[in-house]
Amino acid sequence: MGQRSSHYAGGITLFAICLLGCSQQNTTTKDQKGFGQRGGGRGGQVVNARTTTVERISIQRTADLSGTLVSPDQARVSSEVAGIVRDVLVEIGQEVKVLQELVRLDTVELNLALERAESALRQTEAQLGIDPSRENQMPPDDQISTIRTAAANRDDARAQLARAEDLISKGLLSRAELDTAQTRVKVAEAAYQAAAENIQALKASLQDRRAAFNLAKKKLNDAVIRAPVEGAIAERTVQRGEYIRENTQVVNIVKMNPLKLKTAIQEKYANLIHENQAVDFKVEPYPTEMFHGKIAYISPAVDQATRTFAVEVLVDNPTHKLKPGLFGQGAVRLGRDDNVLAVAEDTVSNLAGVSSVYVIENGTVKQTTVQTGEHQGKFIEVVSGLKGNEILAASNLNELVTGTRIGPGDDEGGPAPGDPPADGQRRGGSSGGKRGSEEKGNAQ
């Protein structure tokens, strides 16, 4: 009987010990769950975060643009005469000046054509009695030999008719001889009239032959093709020895300084864009270098398809670093606004296109939606949503919701933004470490 009582007492003791162990285990589990909730940053819990204030800054307003660089003067130089290319004096990329020789054609046929035109001109000038050395001075008609001869014959015929009429009145001349004298006068007057008309025809022919002579001279000069503008050779399309016809392109010249940036700007900036505004842009070959220009020409019409209006920017290019055809991206400087409300970049949270900040009031977080504007360095303009006197959370934003309590910031010993908690330490600061110590003591 005593042995049975002893076994019974031992069983009761063992059962009590098991109940105590289970109670401690449940307590530890509940503490761990509560600790996890605090580490998650839910409403009413403590999260470490740095804080900052709303700033007032100065912002440079801009309008984005992109476009292609083109040459303001581009000449596709063609030959005005046909002939064989005797020499090509330029190569691609070579800089040329105005009237510099580019291509020379063979001039044998052109010289012969000039000589023939000159011979015909001199013949006409001789008929008109023009001195070749004074070709622009036309002698009076009565001094031209043809007219003078016709006038002399007419005057002689008139004098003979007068004598014949005198003799016939005295009965010393027959009627037939009088008729002959009258006929001679008519013939002489007709010859004079023909001579005068011939002179007028020669004068007209003189203009034609002078034009033909000048044209032949011009074609001879055009056998040497010269640069009409200053620039660089972008293309050479002829070779030595080939025969080319009139209007055949021989080279393409592009002006390198200045260049034009042809672009289009959104219609909402139409009232803000004007001539001489500064433009900053970059090109792909020089990604770290900023180039500058000024707006020179603005289209008065808006393209209905793209809702933009055309703008041309003049860009100085003295070193010819920029090349026509390069694609540029940049912005127009519209003006600077002072005393603009702004917040640091690390205070703004973006989710599904909605921007928000975490305002701290009496140590508690309040999530506030804001409308943002321009970026300026590490700051973002706040268009609406803040008054300007708020204190904002600047770290661990992903752990914050409305109602979260804020603990010491990163600069006061808290974890850095995005860093995982260290072993043995829970989110929520020193209280988590203390609770961990208590749990270890209970386990022991």
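Colleague: What should I keep in mind about the model itself?
Modeller: It is a predicted model, where local features need pLDDT of at least 70, side-chain atom pairs count only at pLDDT 80 or more, and totals for chains, interfaces and linings use all residues. Residues are numbered from 1 along each chain as its sequence is written, and side-chain values use heavy atoms, with hydrogens and water left out.

Colleague: Great. How many helices and strands are there in the chain?
Modeller: The chain has five helices and 22 strands. Those are DSSP runs numbered from the N terminus, helices being H or I with at least four residues and strands E with at least two.

Colleague: And how much of the chain is buried?
Modeller: Buried residues account for 33% of the 444 residues. Buried means under 20% relative accessible area, exposed is over 50%, and partly exposed is in between, with a 1.4 Å probe and protein chains only.

Colleague: What about contacts between residues at least 6 apart in sequence?
Modeller: Of those, 74% join residues at least 24 apart. A contact here is heavy atoms within 4.5 Å.

Colleague: Which residues of strand 10 are the bridge partners of G83 and I84?
Modeller: G83 has I244 as its partner, and I84 has Y243. Strand 5 (residues 83-88) and strand 10 (residues 243-244) are antiparallel, with two bridges.

Colleague: And on the strand 7 side, how many bridges join it to strand 5?
Modeller: Three bridges, again antiparallel, with strand 7 covering residues 101-105. V85 has L105 as its bridge partner there.

Colleague: I was clicking on N252 in strand 11. Buried or exposed?
Modeller: N252 counts as buried, at 6% relative accessibility. Strand 11 covers residues 249-254. Leaving aside neighbours within four places in sequence, N252 contacts Q74, A75, R76, A232, I233, A234 and E235.

Colleague: Nice. Switching to helices, how do helix 3 and helix 4 pack?
Modeller: Helix 3 (residues 145-169) and helix 4 (residues 175-222) pack at about 160°, with their axes 8 Å apart. The axes are lines fitted to C-alpha atoms over the stretch in contact, and angles run from 0 to 180 degrees between N-to-C directions. Helix 3 and helix 4 are therefore roughly antiparallel; the cut-offs are under 35 degrees for roughly parallel, over 145 for roughly antiparallel, 65 to 115 for roughly perpendicular, and oblique for the rest.

Colleague: What is the handedness of that crossing, and what is in the contact?
Modeller: The crossing of helix 3 and helix 4 is left-handed, meaning that the near helix is turned anticlockwise from the far one by less than a right angle, with clockwise being right-handed. Their contact has 16 nonpolar, four polar and six charged residues. Ala, Val, Leu, Ile, Met, Phe, Trp, Tyr, Cys and Pro count as nonpolar, Asp, Glu, Lys and Arg as charged, and the others, Gly among them, as polar.

Colleague: And where does helix 2 come in relative to helix 4?
Modeller: The axes of helix 2 (residues 108-127) and helix 4 come within 8 Å and cross at roughly 160°. That makes helix 2 roughly antiparallel to helix 4. This crossing is left-handed, and the contact of helix 2 with helix 4 has twelve nonpolar, five polar and six charged residues.

How values were computed: Pairing = 2+ DSSP bridges.
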